[in-house]
There are 4 protein chains.
Amino acid sequence: MTGNIVAEISVVPIGTGGTGLSQYIAACIDILDGRKDLSYQLTPMGTIIEGPIDKIIEVARQMHEVPFNQGILRVVTTLKIDERRDELLTMSGKVESVMNKRQSAMGKQR
Amino acid sequence: MTGNIVAEISVVPIGTGGTGLSQYIAACIDILDGRKDLSYQLTPMGTIIEGPIDKIIEVARQMHEVPFNQGILRVVTTLKIDERRDELLTMSGKVESVMNKRQSAMGKQR
Amino acid sequence: MTGNIVAEISVVPIGTGGTGLSQYIAACIDILDGRKDLSYQLTPMGTIIEGPIDKIIEVARQMHEVPFNQGILRVVTTLKIDERRDELLTMSGKVESVMNKRQSAMGKQR
Amino acid sequence: MTGNIVAEISVVPIGTGGTGLSQYIAACIDILDGRKDLSYQLTPMGTIIEGPIDKIIEVARQMHEVPFNQGILRVVTTLKIDERRDELLTMSGKVESVMNKRQSAMGKQR
C-alpha cells in the first residue's frame with residue numbers, strides 16, 4: 001500500500017545571465033497552484049509537496065520544463081522523495097513529530 | 001564581501017532499526033536553538049538556516065555528529081548552500097521575491 | 001527538442017537495522033542492467049544514468065520501489081536531473097569537457 | 001573514532017550567461033589536485049572525495065569560493081557526506097561491496 005508521500009523539488013535554471021531566479025520559481029509554483037490533488041509549501045530553498053507519488057513525479061516533470069519554456073537552455077532539477085509505508089507521512093505531521101520530541105525532552109530536563 | 005547566506009541541511013541516520021527519525025532531528029535542532037548568530041526554520045524535509053557561511057558550516061558539522069552521539073554508526077548529511085554576493089539573501093526575502101513575481105504576473109493577466 | 005540527459009539517483013533505505021546498504025543498491029542496479037535504452041555508471045555516492053528523461057524517471061520510480069520489496073518500510077530517494085537543450089549532454093562528454101578545460105589552462109601556464 | 005569518509009560535492013554557478021559550466025568545475029578540481037591528504041574522483045554529476053571529514057569540509061569551502069573568484073555573483077554548492085564508524089568507508093570499497101553483492105546474487109541464481 002502506498003498513500004501520500006512528502007517530497008522536495010528544486011529547479012535551477014543555468015545560464016540565466018542574472019542572479020535572480022524567482023521569476024522561474026514563480027512560474028513553477030503556478031503548476032502546483034492549479035492542482036487540487038496536491039498540497040505544497042514554498043520554502044527559501046525549494047518547494048515541498050505532499051500527495052500520491054505518481055502525481056508528484058508528474059508535476060516534477062512539468063516544473064522541470066518551465067524554465068525551458070521561458071527560453072533557458074539548461075536546467076538542473078532535484079527531486080527528493082520521502083516515503084514511509086508503516087504510517088502516513090504528511091508535511092505537518094513530520095514537523096509536529098520533531099516538535100513533540102523536543103517538548104518531551106525539555107520536560108525531562110525540568 | 002560575504003554576508004549572510006541561506007542553507008539547507010538534512011541529517012539522515014542509517015541503521016536505526018525503526019523508521020522514525022524525529023528523535024534524531026529534534027536533537028539536531030537543539031544545536032541551532034542555542035545560537036543567537038543564526039536563524040533557522042524547520043521544514044518537513046530539512047532545516048533551513050540563515051547566517052554567516054562559516055557559522056553555518058560549523059553547526060552543520062555539529063548536527064552531523066548528533067546521531068553518532070545517540071549510538072548510530074552511519075550518518076548521511078547533506079548541506080546545500082546558496083550564496084549571493086550582489087545582494088543579501090535572507091530566508092524571508094527569498095520567499096517574498098517569488099510571491100511578488102507571482103502577484104505581478106497575475107496583475108498582468110487581468 | 002529533448003534528447004538524452006544525464007541524471008544521478010540515490011536510494012537510501014531507512015530503518016535497516018544494520019549499517020550496510022550495498023544489498024539494496026545491488027538490487028537497484030539489477031533494474032538498470034536489464035535496460036538497453038539506458039547507460040549507467042555506479043559511483044561511490046550514487047548511480048549516474050544517461051538516456052531519455054522519461055525512461056530515467058521510469059527507472060528511478062522502479063529503483064525507489066526496490067527496498068520496499070526487500071521488506072524496508074521507509075525509503076528516501078533523490079533524483080537529480082541535468083538537461084541541456086543547446087547541445088547533447090553525455091556522461092563521458094561532461095567529464096571530458098572538464099578535463100579539456102584543465103589541460104588548456106595548464107597549457108597557458110607554461 | 002572517525003577516520004576517512006566519502007563525500008560528494010557539486011558547485012553550481014548561477015547567472016553564467018552561457019550553459020557550459022566546465023571551466024568553473026575545472027578550476028574547482030585544481031584545488032583538489034594540490035592536496036596529498038585527499039583522494040578524489042570526477043564524475044559526470046559531481047566530484048567524490050575521500051579523506052578526513054574536516055579536510056573535506058575545508059576543500060568544499062574553497063571550491064564554493066572558486067566561481068566567485070571567476071566573477072560569478074551567486075553559487076549553489078551541495079556537499080553530501082557519508083560517514084560510517086563501524087568500519088572504514090572508501091570510494092573503491094563502496095563500489096566493490098555493491099558488485100560483490102551482485103555477483104553472489106547471480107551465483108545463487110545458477
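Visitor: Which residue of β3(D) does V6(D) stand opposite?
Guide: The model is predicted: local features require pLDDT of at least 70, side-chain atom pairs count only at pLDDT 80 or more, and totals for chains, interfaces and linings use all residues. Residues are numbered from 1 along each chain as its sequence is written, with chains lettered from A and ligands numbered from 1 in the order in which they are written. Strands β1 (4-14) and β3 (46-52) of chain D pair in the antiparallel sense over 6 bridges; strands are DSSP E runs of at least two residues, helices H or I runs of at least four, numbered from the N terminus, and pairing needs at least two DSSP bridges. In β3(D), the residue opposite V6(D) is E50(D).

Visitor: Which strands are the edges of the open sheet of 8 strands?
Guide: The order is β2(B)-β3(B)-β1(B)-β4(B)-β4(D)-β1(D)-β3(D)-β2(D), with antiparallel pairing. Each edge strand pairs on one side only, and these are β2 of chain B and β2 (39-43) of chain D.

Visitor: Which C-alpha of chain B is nearest the axis that relates chain B to chain D?
Guide: Superposing chain B on chain D takes a rotation of 180° with 0.0 Å of shift along its axis, at RMSD 0.0 Å, by least squares on C-alpha atoms of residues with pLDDT of at least 70 in both copies. The two copies are thus related as by a two-fold rotation axis. At 2.6 Å from this axis, the nearest C-alpha in chain B is that of L79(B).

Visitor: Which element gives the most to the side of chain B that touches chain A?
Guide: Here 25 residues of chain B are in contact with 25 residues of chain A, contact meaning C-beta atoms, placed from the backbone, within 7 Å. With 8 residues, the element that gives the most is α3(B).

Conventions. Contact = placed C-beta atoms within 7 Å.
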